[in-house]
Amino acid sequence: NNNNNNNNNNNSDDAATLLQRANDYIQEECLLAAARLLRTIPHESLTDEHRRLLQVTQDIEESTQDLLHDPDSSWTKQSSTTTTSSHPSVSSSTTSTASRSSSSSLVVRKKTKKTRDTTIHYKVSDDGSRLECRIDCIVESSLLVPLLSVLNETDLYSSWIPSWTVPVTLGIAESVQLARVSRGHQLVHITCNVPWPLSTRDVVIRATAVDDIAATQSIVVRMKSLQSSEDDAVVPDLESSSSSVVRIDFEGGILFRLCPEEKRLPRSHNDNDDDDDDSEEDSVLVSFKMYMDPKMTSIPSSVINFVTRTVIGTMWNMLLQVAEGVRDGKRPEHQTAIDQRPELYEWIDERIQVLLASSASSSSSSSSTAEDQQPQQQQKSQSSNKDDTQKDSTTAKSTETATEATETPKEGDQDFIAYLQS
């Protein structure tokens, strides 16, 4: 009985230690790392909050795995473009995004050119009621923190996301942050203008950003719509009798990771010809996927064509342009928002530096391994050459001996044989 009690106490201590580590991960927005620990703990030791986290992270993991794979043949490729952007080069010695409004903290060199590769795919359900899109884009690493800041400042969406009145009315009327639960977790309410005679659409989205740099060298943002206050108390309920607003379904995910070698574009002669430092800047692969059900019996083909051919690409290009403006100090509204939350953006900047450093560490390790292997390969090559030489010499001597024993040298060969023997 004493032994059983001791074992139970030890198991309880181990579970308590793992729970504390998992809670620490949660505080640092490392939800996937926390989930990996929680799965090793007996289910009865978990709180309701931990069990909910496991459900959330399972959804995030499935979304991430989906984004890691290229679109299959069921997707339609809308476009694939390669663009070149010019921008002031920022030195790697800058400290944080929050302090970049200060000219003393920003070291700007001459303009450089960066090449971006963007591919857009889309898919419409068989009944024409739902739309999915997928975007994969390679960007320079200096754009990553500004890109995250533009996505994070949801209150400013209506200030830069395009709106259309021709050929159809489409755009964001209002974007309001309902709650910021943590550094990487917020709820946002978006109201959209749609073509007459359709009712106004709105959506409440829970966005969860997860730092998984330590395990997979990636950052993932999962977005999922909520329908009512039953999902979360801050979600505004729609009046059941009201037909003026229809709440839609939305799901999305964004994966930020260091660009795999096989997806990198070959460097053109225009890329950083005059700047050796910038030529070493890492590329980041951004993969975005969204699913939307606008609650229509069928989306008109004219609207589908307009959205897939114009809206998606225009919005993505605008997102990149706004991120460039934030990086280059040309978006005062975003800079003000960043300055108001220095701790958040210093943390984001620090995590991005860790992500980029992991790339440098991997490259250095690979280089060191290659350098370590090179002398060994040279030694093996020299040893092999030496062995081959010895074999050739032995073979030659054996051949000469056999020749001498079986043949009498012909006239004129005597001098040549003497030369070989000497």
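Helices (runs of H or I in DSSP, at least four residues) and strands (runs of E, at least two residues) are numbered here from the N terminus. The structure is a predicted model, in which local features need pLDDT of at least 70 and side-chain atom pairs count only at pLDDT 80 or more, while totals for chains, interfaces and linings use all residues. Residues are numbered from 1 along each chain as its sequence is written, and side-chain values use heavy atoms, with hydrogens and water left out.

Most residues other than glycine have a negative phi, and most peptide bonds are trans. Against this background, the peptide bond from valine 166 to proline 167 is cis, with omega near 0°, and proline 167 is placed in the loop between helix 5 and strand 4 (171–182). Tryptophan 196 and proline 197 are likewise joined by a cis peptide bond, with omega about 10°, and proline 197 belongs to the loop between strand 5 (185–193) and strand 6 (200–211). Glutamate 29, although not a glycine, has a positive phi of about 65° and is found in the loop between helix 1 and helix 2 (31–38). Glutamate 29 counts as buried because its relative accessibility is 4%, where buried means under 20% relative accessible area, exposed over 50%, and partly exposed in between (1.4 Å probe, protein chains only). Lysine 295, in the loop between strand 10 (283–293) and helix 7 (301–327), also has a positive phi, near 60°, but is partly exposed at 38% relative accessibility.

Side chains of opposite charge can pair when their charged atoms come close. The structure holds 21 salt bridges, each being a side-chain nitrogen of Lys or Arg within 4 Å of a carboxyl oxygen of Asp or Glu. One of them joins the side chains of aspartate 59 and arginine 222, with an N to O distance of 2.7 Å. This pair links distant parts of the chain, since aspartate 59 is in helix 3 (residues 48–68) and arginine 222 is in strand 7, 163 residues apart; both aspartate 59 and arginine 222 are buried. A salt bridge between arginine 341 and glutamate 153 has an N to O distance of 2.4 Å. Arginine 341 lies in the loop between helix 8 (332–340) and helix 9 (342–406), and glutamate 153 in the loop between helix 4 (144–152) and helix 5 (157–160), so this pair ties together parts that are 188 residues apart in sequence. Within the pair, arginine 341 is partly exposed at 25% relative accessibility, whereas glutamate 153 is buried at 4%.

Helix 3, which contains aspartate 59, has 21 residues and reaches 30 Å from its first C-alpha to its last, close to the 30 Å expected at 1.5 Å a residue, the expected span being 1.5 Å times one less than the number of residues. The buried residues of helix 3 include His50, Leu53, Leu54, Thr57 and Ile60.

Aspartate 24, located in helix 1 (residues 2–27), is partly exposed, with a relative accessible area of 39%. Aspartate 24 and alanine 34 are 10 residues apart in sequence, and their C-alpha atoms are 8.0 Å apart in space.
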